[in-house]
2 protein chains.
Amino acid sequence: MTEAVQGSRRGRPRDPDVEDRVFDAAIELYGRTGWAGFNFEGVARVSGIGKAALYRRWSHRAQLLNDALKARWIRVDDIDTGDIRGDLLAVARLLLDVLTGIRGEVYLRILTDTGLHPEVHEATADYRAGVVAPSRAMVHRAAARGELPAGTDPGLVIDLVVGAVQNHVLTTPPELRDRMQERMHAYAEQVVDTVLRGVRG
Amino acid sequence: MTEAVQGSRRGRPRDPDVEDRVFDAAIELYGRTGWAGFNFEGVARVSGIGKAALYRRWSHRAQLLNDALKARWIRVDDIDTGDIRGDLLAVARLLLDVLTGIRGEVYLRILTDTGLHPEVHEATADYRAGVVAPSRAMVHRAAARGELPAGTDPGLVIDLVVGAVQNHVLTTPPELRDRMQERMHAYAEQVVDTVLRGVRG
């Protein structure tokens, strides 16, 4: 089966089905091992796609990680609810779902690896820009609509919302996790409403 | 030198000088390797204190990590400036200093390891409680002084301040790091003042 798939896919690395399997495998492996264990051998093993096919498409494992994150990880560019409260709530809930989901460890790995390994930080800049730019755009749109004071610092708003959610999940002890999950969408509202009151002054 | 020190210290594991060296070594090693490479062999090598002496004092490497964090890492129990703005600013600035300091990687390691390894989460509960309880107490004191509405959620206030600072540092790209460091104490004021306006309603 693996051999047949490898045979049929070779030379067609942009086949969407192959990319799907590579990206799924990359995210799974990366979550399990982080940067330390993330390599073409592992992705080939988990995906069943030959190493040669991976090398034809990606010259460095960091590029493969960046593309997998862009395809399979946090995306906020489709969030545009029409008002800033809706947009920030969507971001907060998405993050809560990701952080408490079965691939939540990927989030932790990215945080650490981009901080510790300059090559990961550099290679994943493209993925990060795809999250940062649309997040900032939400705040700019809100200011343009008159929902937030002109000149509101988008970085501050995003740091408060994203940071609070992140800290909330990461510091909740295992024994309180069920309770946190029941209440987490209400918590998202508390965070967003507090931040909006704060920046509106 | 190492031999002499080992010889003179054996059987006196509570000697403050020995503890100092063990804790310094533990923090240094942990920052470098995280949980994956944190062990008695490594701490003995870095500190010059014999492994036997370490084993007499700590039965598991997670206990040693917990004690080293308590002795050498973030402590907020001595922060009591008399008002909530001063207290939260002190917390924010302390975190900014730690995150941008030469042992900043320790912070990232703790975040990841407590999320990924239940034994680390459990063993460091004591260290974490020593940070969480005094942080919450700041908010309770402020409510008692009438500076914050009665019933203000301490967890929310701390998540917003700590999370924003954390996200700010972790998402600043290397090329903007110098600028961030110049402005980071002003950023702490922006965060704290926004959060206080938000919770005051």
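Analyst: A salt bridge is taken here as a side-chain nitrogen of Lys or Arg within 4 Å of a carboxyl oxygen of Asp or Glu. In this predicted model, the side chains of A:Asp126 and A:Lys70 form such a pair, with an N to O distance of 2.7 Å. One salt bridge is found across the interface of domain 1 of chain A and domain 2 of chain A. Polar contacts between domain 1 of chain A and domain 2 of chain A, counted with both residues at pLDDT 80 or more, amount to ten residue pairs.

On the side of domain 1 of chain A that touches domain 2 of chain A, helix 2 (16-33) and helix 5 (61-72) of chain A each supply at least two residues. The residues of that side of domain 1 of chain A comprise six nonpolar, five polar and three charged.

As to the extent of the two parts, the domain assignment places domain 1 of chain A at 2-71 and domain 2 of chain A at 75-200. The contact draws 14 residues from domain 1 of chain A and 15 residues from domain 2 of chain A. Taken over C-alpha atoms, the centres of domain 1 of chain A and domain 2 of chain A are 28 Å apart.

The size of an interface is often expressed as the accessible area lost when the parts come together. Between domain 1 of chain A and domain 2 of chain A, about 1,300 Å² is buried, and carbon and sulfur atoms give 62% of this area. Of the area that domain 1 of chain A buries against domain 2 of chain A, 39% comes from A:Tyr30, A:Trp35 and A:Leu69, more than from any other three residues.

Notes
Residues numbered from 1 in each chain as written. Chains lettered and ligands numbered in written order. Predicted model: local features only at pLDDT ≥ 70, side-chain atom pairs only at ≥ 80, totals over all residues. Heavy atoms only, no water. Domains from an automatic or database assignment. Contact = heavy atoms within 4.5 Å. Buried area = accessible area lost by both parts, 1.4 Å probe. Polar contact = N/O pair within 3.5 Å; in protein donor to acceptor, adjacent residues only side chain to side chain. Helix = DSSP H or I, 4+ residues; strand = E, 2+ residues; numbered from the N terminus. Nonpolar A, V, L, I, M, F, W, Y, C, P; charged D, E, K, R; others polar.
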